[in-house]
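Please work through each task before reading its solution.

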Amino acid sequence: ARIEVAKRLKRAKELGDLSENAAYFEAKDAQSLNEARIGELEELLKTAIIIAGGKGTRLEERTEDLPKPLIPINEKPILERIIEWLVKSGVERVVIGVAYKKDMVKNYFGDGSDFGIDIKYTEHNENGGTEDAFKTAILQSKIEDENFYAMNGDQITDLSLEDFEEH
C-alpha cells in the first residue's frame with residue numbers, strides 16, 4: 001500500500017496537482033496515509049549538503065594549517081564525525097561545499113567510499129558567506145532531490161534524523 005500511494009503522490013505532482021490531499025485521496029486508512037508519507041521521506045532524504053569552506057577566524061591558531069572541518073575532536077575530525085552520523089542515519093550522498101584549504105578536505109575524504117557514502121564536492125568563494133555557499137553547492141552539484149539535509153561542517157549533533165523525518 002505504501003509504495004502504491006507513494007506512486008500516486010509522484011504522479012499527482014507530475015500532473016501539477018499540488019494538493020496534498022489529492023495525492024493521498026485513495027489511501028484506505030490513516031495508517032496507509034502515514035506509511036506513505038514516511039515512505040516518501042525515506043525516498044527523498046538520502047542526500048545532505050554540508051558547507052565546510054569557512055576559514056574559521058575565531059579558531060585562527062588552530063586553522064592556520066588545518067581547515068576547520070578537519071580539526072580533531074577526540075582524535076577524529078569534526079567533519080568525519082558528521083559524515084559517520086549521516087551514514088548511520090541512512091544518508092547515501094553528500095555534497096561538501098569547500099573553499100579554505102579545500103584540497104586538504106578533498107584529499108582526506110576522497111569519493112567517500114572509505115566512509116560508506118558517495119561524496120561530491122563543490123567550490124565556493126570563502127568570502128561569500130553561508131547563503132552563497134549553499135546556493136553554489138546546490139547549483140554546482142545539480143542534485144535532483146526535492147528535499148535534502150543542509151548543514152554546516154562544524155556542528156556536531158546527536159539529533160535523530162529518523163525522528164526528525166517523522167515530524
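**Exercise 1.** State how many aromatic pairs the structure holds, and classify the pair formed by Tyr108 and Phe109.

*Solution.* Step 1: rings of Phe, Tyr and Trp (its six-membered ring) pair if their centres lie within 6.5 Å; planes under 30 degrees apart are stacked, over 60 edge-to-face, and the rest tilted. Step 2: the structure holds three aromatic pairs. Step 3: for Tyr108 and Phe109 the centres are 4.8 Å apart and the planes make 70°, so the pair is edge-to-face.

The model is predicted: local features need pLDDT of at least 70, side-chain atom pairs count only at pLDDT 80 or more, and totals for chains, interfaces and linings use all residues. Residues are numbered from 1 along each chain as its sequence is written, and side-chain values use heavy atoms, with hydrogens and water left out.

**Exercise 2.** Assign Tyr108 and Phe109 to a burial class.

*Solution.* Step 1: buried means under 20% relative accessible area, exposed over 50%, and partly exposed in between (1.4 Å probe, protein chains only). Step 2: Tyr108 has 36% and is therefore partly exposed. Step 3: Phe109 has 2% and is therefore buried.

**Exercise 3.** Describe the pairing of strand 4 and strand 5.

*Solution.* Step 1: strands pair if DSSP finds at least two bridges between them. Step 2: strand 4 (residues 93–98) and strand 5 (residues 118–123) pair in the parallel sense over six bridges. Step 3: Gly97 has Thr122 in strand 5 as its bridge partner.

Definitions and conventions. Helix = DSSP H or I, 4+ residues; strand = E, 2+ residues; numbered from the N terminus.
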